[in-house]
Amino acid sequence: MTDGLGLTKTQSWQALKTHHEQMGQASLRQLFAEDPTRGESFCAEGASIFLDYSKNRITAKTLSLLVALARERGLEARRDAMFRGEKINITENRAVLHTALRAPRSASILVDGRDVVPDVHAVLDRMEGFAERVRDGRWRGCTGKSIENVINIGIGGSYLGPEMAYLALCPFSRQTMNFRFVSNVDGADFTEAVRGLDPARTLFVISSKTFTTLETMTNAMTARQWLVESLGREDAVSSHFVAVSTNAAKVGEFGIDTANMFGFWDWVGGRYSMDSAIGLSTMLAIGPENFKEMLAGFHAMDEHFRAAPIEKNLPALMGLLTVWYNNFFGAQTIGVMPYASGLKRFPAYLQQLQMESNGKHVDLDGRFVDYQTGPIIWGEPGTDAQHSFYQLIHQGAKLIPCDLIGFCRPLSPLSHHHDLLMANMFAQAEAMAFGKTAEELAAEGSPAFQTPFRVCNGNQPTNVILAEALTPKTLGSLVALYEHNVFTQGVVWNIDSFDQWGVELGKVLANRIIPELVSDTAPQLDHDSSTNALIQRYRGLKGANR
Ligand code: F6P
């Protein structure tokens, strides 16, 4: 284990610090003028994904220093330990093996002496059998009707991946079926999800690793009530509910036959689980063959991450660039803008993946770090984003590194839209990098008084990620790219990217407040004065104190 507190004292860190001071405000204009071929040299490709990172504020020296940092932090050894199934999630004493979820049948990966690959494929086979029965109409609801509507109930990692993948892969989805997702404990989420649906043709997939999550269990109970009351039959549950979980006992208690449960394992983190049984709704939508293609895409990126030298390794490069801006430039955020409307939920998916993984303030030895860790991730699809917040990227006073993601071939039949879309992506990367100077504006005849207001300083860094088309395979590779990017950052910062203790506090406090809100009689409140007053106002306005 590397010393977290020592990170800023290491040779490679100090070298980067000096280099950063020397580079100063070196502009991308300058860097491109000095090396006109950098657009061809600062690129890498792996698993059919192309990364142009030339529009970053780096030189060849920056790159070699970042690679040296990765080596000094033991990236290769830590990566190999993860792939081998070592218990690198030390605070929970768990292996971290989402890569086993997409390993081929012929692979062998041991956890506590047991080969987990046959277990993974046994679940995949069961998912396939079930998905085929639902999709071809052999699986019937309690009234004998086939299934038309699938509702995934889950939250966090048990929701964001399935919804993101469904939206991304809509062109591959069974068009005669409806797929909806319920996550929020706000009753409006459930109400809207079932609006207009025939319960006799509706299947609920209750997705929860623990099967104890308040939001999911509340929504699952509501779903059961909705179904039983609408169909007037208690026995409806067995043919309209399936579960995805690691907790067979709780699934049984809920009343779902464990024969209709699809399992996974404690070595799959929630935010790393969309390619486990948590992807059941994805498989129901796109079919088993496309799901396997998606797994192949994940695996191709795993192999790239495992084999490519750091200098050419996409996830490692992206992770190191994040460290460069986060720790040396003080950038607080990364914008992710997919130029693909199907990827509209990809930024939200990445928020959990990155911020739950790397939002940590202690190192692996439990000591407070003296450097910044995970950046804030945000974003919306282009071109919509251009008409809302891009103004701040172009003329605000903040450094905002961005990832722009695009595809060369559209899947929509309206193919003439695609050149317009991609022209915008390329143009935005160009504008962010090079901006517009006062001289250029004057030469174009801009009125002098307007010139300062029209100048764009540029120098905003971008990674441009390009792939052929948004297919299941590409989506798998893209997600794995970010998973390993997050891993790389965590290794440099020497943190546990696989636990999430910080989310516990809010859950505990909410459980204490729930009875204070539902009680018919005014409760004794002993929170701080702000929380007490808010609870009183809430109770007053909802009429609880009458
Ligand atoms: O609250 C955070 C979290 O534990 C996530 O890590 C997880 O993805 C989510 O809740 C849902 O958990 P579960 O799948 O156990 O319902």
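I found that the structure holds 31 salt bridges, a salt bridge being a side-chain nitrogen of Lys or Arg within 4 Å of a carboxyl oxygen of Asp or Glu. I note that this is a predicted model, in which local features need pLDDT of at least 70 and side-chain atom pairs count only at pLDDT 80 or more, while totals for chains, interfaces and linings use all residues. Residues are numbered from 1 along each chain as its sequence is written, and side-chain values use heavy atoms, with hydrogens and water left out.

I looked up Arg94, which forms a salt bridge with Asp266, the closest N and O atoms being 3.8 Å apart. Arg94 lies in the loop between helix H5 (75–84) and strand S3 (110–111), and Asp266 in the loop between strand S9 (261–263) and helix H12 (280–286), so the pair ties together parts that are 172 residues apart in sequence. Here helices (H or I, at least four residues) and strands (E, at least two) are DSSP runs, numbered from the N terminus.

I then turned to Lys360 and Asp499, whose side chains meet in a salt bridge at 2.8 Å, N to O. Both Lys360 and Asp499 are buried, where buried means under 20% relative accessible area, exposed over 50% and partly exposed in between (1.4 Å probe, protein chains only).

Last, I examined helix H13 (residues 288–307) and helix H20 (residues 472–493), which pack at an angle of about 35° with their axes 7 Å apart. Axes are lines fitted to C-alpha atoms, for helices over the stretch in contact (heavy atoms within 4.5 Å), and angles run from 0 to 180 degrees between N-to-C directions.
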